[in-house]
Amino acid sequence: MEDLIESATMNGKEKITELLNRRHKEREMHIQAAKLERLKEADSTEALQYFEISFEEKAKIIRNTLETVSSSNEKAQVFADCQNEIYELQRYLSSSTFFLNEYRIKVCQNTINELSKLLDTLRNELLPKKKFGFKSKKIVKIINEKDAKSSTATQDKQETNSSEDNHIRWTFTDRVNQLLELPLTAVNDQTITASKLRNCLLRIEGHPGSLQFAKLDNCVVVCGPTARSIFLDDCTRCKFVVACQQLRCHRSRECDMYLTVTSRAIIEDCNGIRVARYNYRYQNIEEDFNLSGLDLTCNNWNTLDDFNWLSADEPSPNWSLLTTEETIEDWKAYLDSFHQVHELTKNDY
């Protein structure tokens, strides 16, 4: 009997000891988890502070350079350098969005838009260019005028810090299987951004000021002439039919680009990029090219600079030219097919 009592007492002590040990371990795990969370918060705060200081410093340098460009003897080179620095600033913002809130992203994007607009204004004032248009040729109309006027999209209106420019920005994000259309009256000289689109068709007429696209998957973008720059980041299996002064593409894969670009386009951390000459047409496209200011006597559509390929003796394996058989000529038929295959719904604005 005494043995049974002693055994029961020992079992009770063991259970209590086990319970205490388990609670102690749980408390230790909770303390460690709290420490890790505080470290993460500290790291996030430190990253945010560093980003804000670095971003503002970079933007200030670009702004100061542009404000003093009139006294430079090499204005064209200064403008080219500033354009590259603005591209790098855009890339810096895009790579930092994972720890920035929506408000901070919009503020920084407005700063970039302001700098791009300032650069373009000064370049037009100090380096006037003759505007060119297409030679007379038959224009294939793929969207009738009534449809263009009723085209729909979502509008995100934002003012830049410039008191002289109420610059409207169109923004699309988190869309799947949608037809996003912008008529020329809605986009002229404005900035259009899109991110996190999948199986979408973005059709733009007119002459936007700049395009900025990130995280597009299996999308088609057909656009009138863009007056300034186009920035692409982390796009996969897309087709871009675009004309611009400068184009920069980062971290993108298996994308086809139909280009008119007055400077050499740049790719970085990309593979499977294929290019062809810009061949999109719509009514009054000649007028849009004239208004955009693009110099059509200079077209580097078939010459890309790959920042990941330093060999001068061998071509980059990361891009190639589309063959005649692979090149899309009838965009109306292709876009109609894409619309039907993905059962696109029209977006309203």
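How do the residues of the lining of the largest cavity divide into nonpolar, polar and charged? The lining has five nonpolar, five polar and no charged residues; Ala, Val, Leu, Ile, Met, Phe, Trp, Tyr, Cys and Pro count as nonpolar, Asp, Glu, Lys and Arg as charged, and the others, Gly among them, as polar. The model is predicted: local features need pLDDT of at least 70 and side-chain atom pairs pLDDT 80 or more, while totals for chains, interfaces and linings use all residues. Residues are numbered from 1 along each chain as its sequence is written, and side-chain values use heavy atoms, without hydrogens and water.

**The protein chain**

- The protein chain holds seven helices and 15 strands, taken as DSSP runs (helices: H or I, at least four residues; strands: E, at least two) numbered from the N terminus.
- Of its 349 residues, 46% count as buried, meaning under 20% relative accessible area with a 1.4 Å probe, protein chains only.

**Cavities**

- Rolling a probe the size of a water molecule over the atoms shows where empty space is left.
- A cavity is a set of points on a 1 Å grid over the protein atoms alone where a 1.4 Å probe fits but cannot get out; lining residues have an atom within 4 Å of a point.
- Three cavities of 30 Å³ or more are counted, and the largest cavity contains about 60 Å³ of space; grid points are joined across faces, edges and corners, and a volume is the space filled by probe spheres set on the points.

**Lining of the largest cavity**

- Q83, I86, Y87, Q90, I112, S116, L211, Q212, S229 and F231 line the largest cavity.
- Two or more lining residues come from each of α2 (75-96), α3 (102-126), β5 (210-217) and β7 (229-233).
- The most are given by α2, with four residues.

Note on methods:
On a 1 Å grid over the protein atoms alone, a cavity is a set of points where a 1.4 Å probe fits but cannot get out, and a pocket is an open set with protein on both sides within 12 Å along at least five of seven lines; lining residues have an atom within 4 Å of a point. Buried means under 20% relative accessible area, exposed over 50%, partly exposed in between (1.4 Å probe, protein chains only).
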